[in-house]
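Dear colleague,

I am passing on to you the structure we spoke about, and below it I have set out what was found. Please keep it open beside you while you read.

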Amino acid sequence: MAGGIHHITLITRKVQANVDFYVGFLGLRLVKKTGGFEDATQLHLLYGDASGTPGSLITFLVWEDGAPGRVGYGQSSEISLAIAPESIGFWLTRALQFNIAASGPVQEFGEPVLRLFDPDGVIVKLVGSESVQPGHAWSSDGIPANDAVRRIRGATVLTEKPQETRAFLESYFSYTAGDQSETVTRMVSASGDCVDVRDATGFWSSAPGTGTIDHIAFRAGDISEVTATYDHLISNGADATAMHDRKYFHSIYVREPGGTLFEMATDGPGMLIDETSEALGSGLFIPPHFAEEAENLKVMLPQFGMPKEERFIYRELPFIHRVYEPDRPDRQTIVLLHGTGGNEASLMPLAAKVAPDATLIGLRGRSNEEGSARWFRRFGPLSFDQKDIRSEAGALAAFIGGAVESYGLDLDQTIFLGYSNGANLLAAMMQLHPHLVRNAVLLRATKVLEEAPEADLSGTRILAVTGDHDLFGAHSPALEAELKKAGADITTASVPAGHETGAHDIEVVRQWLMSKTGQN
């Protein structure tokens, strides 16, 4: 039996800040980047030692610009990483140099502890400990080998049922009770790591989201050990999941009586199954059941740069947004406004097929309707909040001005592409704030302004694409007439589709762009 912690998985809101902290500051190695197995549009990063050894792995689900969670019972509250006891001073100095929030050092269970706070506010403890054996050390810039993070020391679990949580760790994961304080019992594995079970009776409950710890995974030597544990859990009435094939390991999930999610994962096949030791973490793995979407996903997943590499520097602008930079960018930029229920990445695959070398900027609407992102409030299928439309159109105009100033956006080389609700706001913004947009693509747009102002859209080129059996298509001509009356150079097209977009739209938009640039 392997025993001990295999990995700990957390949720982060900003991938670049996360990489800068865990690779740039802590000196861990990025050993794997994958699309999520449940949701492939969610990036998953795995950090560890030089070989990605079980027991060294800290992993993150990237919920880019996602809602913050709440730390409470039924969840882990902090993680700890082992360093040499004499290295505490080095890390305190390094935290001051990097402007990392820190507290301590203090003594906990006879070990020196320095508490750090990662960019999402997660508590990361550096613990001077000889209780766990070092793995395969990873050489990092500015961090001597003797001071490097060795592996996982442990985690803290908050529970309103401390006795049951302790018994669960003993029964299924072979932890034994060790030292105890007034509210914490230290559970220790044969490998030397620990799970601190903290009595959180009377505390508030946890809520999932960014800045929280999703689960702790424990080690198993092989699939037979996981199967035996699964059978043991099921026979005792626990609600464990069936076996999952995660390519790098096989695992099951179960919630302990206090509500914290645990996983049991095999040591093999391991992180080196698809990359050499030298190239570890350089490729992007897409789970096989999402293989048909691999090219789309590569565009939709958030990009980041490793420490000291060039990266896109984001600025605070009125809308959450994501930038995709192709390998060989041309001068063209496409700004994308999604439809109801989409997000900043939804239209990126379509735009990348239209113009493979264009830089893409996807925006996220700020309105919310039953959990779905929109651009403005609606009262019914064709009844819209006019005040909200004008307010959000003003915010979009401010975004454009900010992007020109912050990102050097060249409006003559920029195409604004909106779909459905996003196209409706884009059209309204052009009428309310003319001369900002010089090139626009409106997919399935309808008239939403009840009283459109007299606008001068001379010099604005617009492509309006409707579906020939779109239920909302009957409302498009009124908008097209208004835009034409305002002086826009408008091209209209109809494709064999309903309200959804598809390959026909891609071809029509591509041909329109080629006519704009004079290509053939």
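Which strands each supply at least two residues of the lining of the second largest cavity? Please bear in mind, before the answer, that this is a predicted model. The strands are β5 (75-83), β9 (151-159) and β12 (194-199), each of which supplies at least two residues of that lining. The second largest cavity holds about 30 Å³ of space, and its lining is made up of E78, I79, S80, K125, G154, A155, T156, R186, C194 and D196. Sorted by kind, the residues of this lining are three nonpolar, three polar and four charged.

In total, the structure holds two cavities of 30 Å³ or more. The largest cavity has a volume of about 120 Å³ and is lined by 18 residues, among which G27, L28, G48, D49 and V149 lie nearest its centre. The lining of the largest cavity divides into 10 nonpolar, five polar and three charged residues.

Leaving aside residues up to four places away in sequence, H475 touches L382, T446 and K447. The C-alpha atom of H475 is also separated by 9.5 Å from that of R444, a residue 31 residues apart from H475 along the chain.

With best wishes

Methods: Residues are numbered from 1 along each chain as its sequence is written. This is a predicted model: local features need pLDDT of at least 70, side-chain atom pairs count only at pLDDT 80 or more; totals for chains, interfaces and linings use all residues. Side-chain values use heavy atoms; hydrogens and water are left out. Contact means heavy atoms within 4.5 Å. On a 1 Å grid over the protein atoms alone, a cavity is a set of points where a 1.4 Å probe fits but cannot get out, and a pocket is an open set with protein on both sides within 12 Å along at least five of seven lines; lining residues have an atom within 4 Å of a point. Grid points are joined across faces, edges and corners, and a volume is the space filled by probe spheres set on the points. Ala, Val, Leu, Ile, Met, Phe, Trp, Tyr, Cys and Pro count as nonpolar, Asp, Glu, Lys and Arg as charged, and the others, Gly among them, as polar. Helices (H or I, at least four residues) and strands (E, at least two) are DSSP runs, numbered from the N terminus.
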